[in-house]
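Let's take a friendly walk through a few side chains, ring pairs and a helix crossing. Have the model open and follow along.

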Amino acid sequence: MANLIVRRLLQLIPLLLGISFIVFISLHLAPGDPASMIGGPTATKEDLASIREDLGLNDSLFTQYLRYIGGVLQGDLGYSYQTQQSVTEAIMIRFPNTFNLSVASIIVATVIGVGAGIISAIKQNTSLDVLSTVGALAGISIPNFWLGSMLILLFAVYWQWFPVAGITSPPWTMQGIKELALPAITLGTGSAALIARMTRSAVLEVIRQDYIRTARAKGVREKNVILLHCMRNAMIPVITVIGLNFGFLLGGTIITEQVFAINGVGRLLIQAIAARDYTMVQGAVLLIATLFVLVNLLVDILYALVDPRIRYE
Amino acid sequence: MQDQNSVLEVEGLGVRFRTEEGDVPAVQGASFSVQRGEVLCIVGESGCGKSITSLSVMGLLPDSAKAEGSIRFDGNDLLAMSQEEIRQIRGNEVSMIFQEPMTSLNPVFTVGFQVMEPLVIHRKLSKREAYEEAVRLLEQVGIPDPRKRMEQYPHELSGGMRQRVMIAIALSCQPKLLIADEPTTALDVTIQAQILDLILKLKEETGMGVVLITHDMGVVAETADRVVVMYAGKVVEEADAETLFQDPKHPYTKGLLRSMPSVDDETYALEPIPGKLPKPGEMPQGCPFHPRCDDAMDRCRVESPRVFTVGPGHTSRCWLGEEEKQNHAGKSVG
Ligand SMILES: Nc1ncnc2c1ncn2[C@@H]1O[C@H](COP(=O)(O)OP(=O)(O)O)[C@@H](O)[C@H]1O
Ligand SMILES: [Mg+2]
């Protein structure tokens with residue numbers, strides 16, 4: 001197991017180098033001049049030239065990239081073109097909000113998705129199953145920004161059960177949970193629907209296996225037949241979907257943070273893109289990509305823990 | 001029929017499946033009983049209703065199936081029991097092993113967990129007691145190095161070993177009745193003989209009744225005390241093993257015996273029964289066997305035969321039985 005983790009961490013290096021290179025290149029090839037953004041509308045030609053010189057924009061792309069990577073390896077993501085703030089610092093301030101939001105969302109998605117999936121599988125073709133199918137379809141189709149706005153209107157503005165926007169308290173306090181609830185539901189709904197569909201088909205596949213009949217023949221209680229004998233097997237494909245969705249959720253935080261005015265990395269990214277703040281965009285994308293890869297690693301480890309037939313040696 | 005010595009008495013068992021083409025009977029009017037310490041073989045071609053019969057006893061029929069008649073185990077009617085009552089009997093007083101050892105064990109749990117499970121559920125043993133008892137059971141079914149096996153997963157064991165594990169699980173609560181549904185069909189010939197010997201040995205040691213289901217007359221010859229022959233969902237002949245092999249009455253039984261390979265004679269020509277088993281929804285009129293029967297008479301094509309007693313403890317569902325001189329009063333079932 002330790003072997004697997006080390007190997008996957010090593011694989012991470014070329015992957016992240018590749019990602020950072022692509023982000024770096026594509027942003028530099030895009031039209032728009034960071035020097036004129038920094039200098040502002042009043043800057044003269046000479047001002048712009050000196051800003052370019054300062055930023056090293058006159059060096060070859062490759063040199064610029066090497067310089068950037070050299071910094072990244074020391075935990076230095078550079079300085080914002082726009083605010084001169086340290087990118088590492090700007091991200092680290094906002095990262096906890098994004099992290100809490102995505103973890104809360106995946107918890108919501110997993111609990112609702114797995115629960116609904118099991119129920120609709122064991123009540124196959126009943127009205128409960130149909131209800132869950134329709135619900136899942138709606139969950140997948142509804143755009144996040146619309147769902148978020150509706151939840152705010154109903155539960156924050158009309159009934160005032162939850163705050164309208166922002167995160168100010170830590171997630172282990174009641175206030176923090178209330179602040180996270182609506183964004184987490186908004187962000188988690190689509191994933192809940194996908195997880196529910198996958199759970200349903202996985203359970204239906206497993207439940208007709210011979211070993212489930214064996215469990216019943218042993219006199220195992222029906223509850224344990226489903227939750228233990230069936231789910232331990234059905235979880236294997238479901239874990240993949242949960243892992244993938246966690247990756248998508250990270251991307252989804254961009255819109256959700258915007259709707260709920262949460263000061264997170266997603267919001268930072270949108271602002272940075274609008275301002276052509278290259279270094280900031282690179283930092284934020286690199287962080288999200290790293291998380292995505294780490295989640296995949298976690299999924300592989302969970303796999304090996306759940307399915308004894310998988311051994312990475 | 002109220003025999004003190006019988007563990008299982010099946011009377012007029014019928015099983016119907018609800019399908020899109022309407023209700024389809026899979027088993028009709030099946031009656032037989034199993035004594036303590038006896039091996040009853042149920043034999044017949046694939047699809048004749050053997051598995052459905054045994055699953056009825058376990059209360060494990062699919063939701064689309066409905067059973068009628070009575071299945072008395074130890075005097076109580078299993079068909080009348082609640083799900084919870086029958087669950088407490090399953091794996092405890094009645095156990096079952098299945099045809100496919102490769103897929104019958106749960107791939108994500110250790111062998112140890114799976115053997116310990118019924119011990120904890122039914123015998124209420126502690127984890128530690130259950131562990132030691134499971135090791136003893138694995139030893140009893142001839143698994144070498146049982147403590148190591150306890151920690152292994154099913155995919156690390158051969159088919160024969162897995163079937164031994166299944167037997168250990170089935171025997172864990174000292175059942176009064178063991179149902180083995182084609183337990184050796186998926187195994188190599190040499191392993192087959194070992195597993196059958198093991199079941200017979202354990203039967204001797206525990207005195208349990210055994211229902212052994214097979215389509216192989218060779219297996220019947222080696223194991224059976226009594227034999228029930230099934231065809232198209234009906235019991236067509238029942239006799240003790242010796243009588244059945246010496247003096248079979250039903251043409252289907254005779255056909256099965258002719259299709260049995262001979263161990264002594266390598267050149268012996270197999271004679272499979274011509275034709276195919278009719279599907280449950282497409283039963284011919286009259287005797288379901290008549291299209292394949294050499295002895296079919298006009299009557300067989302229109303009138304389904306009753307069960308005739310053709311000898312002591314020997315019945316046959318065939319019109320030929322009516323002519324048997326030692327005719328006891330024929331009784332009609334189904
Ligand atoms: N779930 C089901 N739905 C409909 N028919 C079934 C079902 N399971 C079994 N049957 C039918 O019941 C009959 C008996 O099957 P089975 O008891 O499995 O035969 P076998 O003697 O080979 O064990 C078969 O004809 C089969 O088509
Ligand atoms: Mg069968």
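A:Ser191 is buried, at a relative accessible area of 5% (buried means under 20%, exposed over 50%, partly exposed in between, with a 1.4 Å probe and protein chains only). This serine sits in helix H8 (residues 174–207) of chain A, helices being DSSP runs of H or I with at least four residues, numbered from the N terminus. Leaving aside residues up to four places away in sequence, A:Ser191 touches A:Ala109, A:Asn245 and A:Leu249, where contact means heavy atoms within 4.5 Å.

A word on the basis: this is a predicted model, in which local features need pLDDT of at least 70 and side-chain atom pairs count only at pLDDT 80 or more, while totals for chains, interfaces and linings use all residues. Residues are numbered from 1 along each chain as its sequence is written, chains are lettered from A and ligands numbered from 1 in the order written, and side-chain values use heavy atoms, without hydrogens and water.

Now to the rings. The whole structure holds 13 aromatic pairs over all chains; rings of Phe, Tyr and Trp (its six-membered ring) pair if their centres lie within 6.5 Å, with planes under 30 degrees apart stacked, over 60 edge-to-face and the rest tilted.

A:Phe21 lies in helix H1 (residues 2–29) of chain A and A:Tyr65 in helix H4 (residues 61–73) of chain A, 44 residues apart. A:Phe21 is partly exposed at 34%, whereas A:Tyr65 is buried at 8%.

Note on methods: Helices (H or I, at least four residues) and strands (E, at least two) are DSSP runs, numbered from the N terminus.
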